[in-house]
Amino acid sequence: MIHFLDLHKINAAYETQFQEKLKTILDKGWYILGTEVTQFEENFAQYCGTKFCIGVGNGLDALTLIFKGYIELGKLKKGDEVLVPANTYIASILAILHADLVPVLIEPDSKTFNLNTDLLHENLTLKTKAILAVHLYGQLADMEKINDFANANNLLVVEDAAQAHGALSQHSVVSNHSKFSNSDTKLPKSEPIFKAGNLGNAAGFSFYPSKNLGALGDGGAITTNDSELAKVLFSLRNYGSEVKYHNDFIGINSRLDEVQASFLNVKLPNLDRDNQRRVAIAKRYLAEIKNDKIALPFYDHSSNHVFHLFVIQTENRMDLQHYLTENGIQTQIHYPIPPHKQKALKDFNNLSFPITEKIHKEILSLPISPVLTDAEVDFVVKMMNEWTF
Ligand SMILES: *Cc1c(COP(=O)(O)O)cnc(C)c1O
């Protein structure tokens, strides 16, 4: 059987290193916010090219805390509107709601499945204060256009980078962060790196086990160049406290776990190699799958896509999924129900997003991961090409 994603195989390669890390932590007896978390925050900030990384409990908290941080800084307030793609994973929208802000859903571009920037203007109101740009399936949103629009309209740009660790922009993206951060902030030491996490004012990452950089449990992080925001976030994630038992904000408990941080420190050096393997598999699928009943995902062949998911589209999605299952190929649907049709978002249920709704009916995610073998790719291609309806 071809697994959709064989997490056991991915992590088995690190078993000895994980055991060494665990032994070190056991010997030390320090479990919360220790040297592994600090080390990971340094490593991941350097990897993304940002000045700061704040480790948190998960990706949802990362995004929620960014918005709460801007509220504490007086740059957002309750009721402000945040533009967000309608076809995202529900976490993006929940983060906005958890911070008492108002999500304004926008249809995606039907080619890239990322935010359609042509629709930003018509959704702008006096209350619009931020854009949550999601790099869906691992492909960067159009950050040049998003940042230009944000700069022209005084909006904050937050990246949902939970699926895009390591995706690299071809453009030198000019974010408006200087307007929102301290004037005395230094520029990053070397050449700026235009990578997911460094393409807006702040970014939220998830290290949920299935992500391109996955822990062995929950984990998340925020990256930013904004020193004021970073200072608030280091406190907000830890009960709003910087000095123990002195609480400056109504914070939450969402710290990156020391053990998970130690595992992430082991895996981070291989992230680029793993992403390259994903891209190589995607390129094979794109070149070799030839079936006029199946639309393949858009890819511009740059490094702006790290193929967290390889998502095809077909009008006969359930039939294709059933056929692949029968032939030993696991697939998944990301996602079967759009956020605005979820029971949890009742106020949105009557809205109509035809492109989003069509996408959710027709998409299917094929197996892709750094441990998928060439023979497995051969078989998936063969079965995809033999499918008739
Ligand atoms: C996974 C994911 C999240 C949330 O991450 P968790 O760690 O599961 O909370 C947010 N946004 C997107 C797009 C995701 O894929």
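Start at the boundary between domain 1 and domain 2: you'll find 0 salt bridges there, a salt bridge being a side-chain nitrogen of Lys or Arg within 4 Å of a carboxyl oxygen of Asp or Glu. Before going on, note that this is a predicted model, where local features need pLDDT of at least 70, side-chain atom pairs count only at pLDDT 80 or more, and totals for chains, interfaces and linings use all residues. Residues are numbered from 1 along each chain as its sequence is written, and side-chain values use heavy atoms, with hydrogens and water left out.

**Select the two domains.** Colour 7–268 as domain 1 and 270–386 as domain 2; the bounds come from an automatic or database domain assignment. Their centres, taken over C-alpha atoms, are 25 Å apart. The contact (heavy atoms within 4.5 Å) takes 36 residues from domain 1 and 37 residues from domain 2.

**Now the interface.** Together the domains bury about 3200 Å², 62% of it on carbon and sulfur atoms. Buried area here is the accessible area (1.4 Å probe) that two parts lose on being put together, summed over both. On the domain 1 side, pick Glu107, Tyr137 and Asn212: these lose the most area to domain 2, together 22% of what that side buries.

What about polar contacts? The rule finds 21 residue pairs across the interface, both residues at pLDDT 80 or more. A polar contact is a pair of N or O atoms within 3.5 Å; within protein, one must be able to donate a hydrogen and the other to accept it, and residues adjacent in sequence count only if both atoms are side-chain atoms.

Next, show helix H1 (7–12), helix H5 (90–98) and strand E3 (102–106), each supplying at least two residues of the domain 1 side that touches domain 2. Helices (H or I, at least four residues) and strands (E, at least two) are DSSP runs, numbered from the N terminus. H5 gives the largest share of that side, 3 residues.

**Jump to aspartate 61.** This residue sits in helix H4 (residues 59–72). Is aspartate 61 buried or exposed? Its relative accessible area is 18%, so it counts as buried (under 20%; exposed is over 50%, partly exposed in between, 1.4 Å probe, protein chains only). Beyond residues up to four places away in sequence, aspartate 61 touches Ile252 and Ser254.

**Last stop: asparagine 238.** Look in the loop between helix H8 (227–236) and helix H9 (258–267). Asparagine 238 is buried because its relative accessibility is 18%. Leaving aside neighbours within four places in sequence, asparagine 238 contacts Leu33, Ile252 and Arg255.
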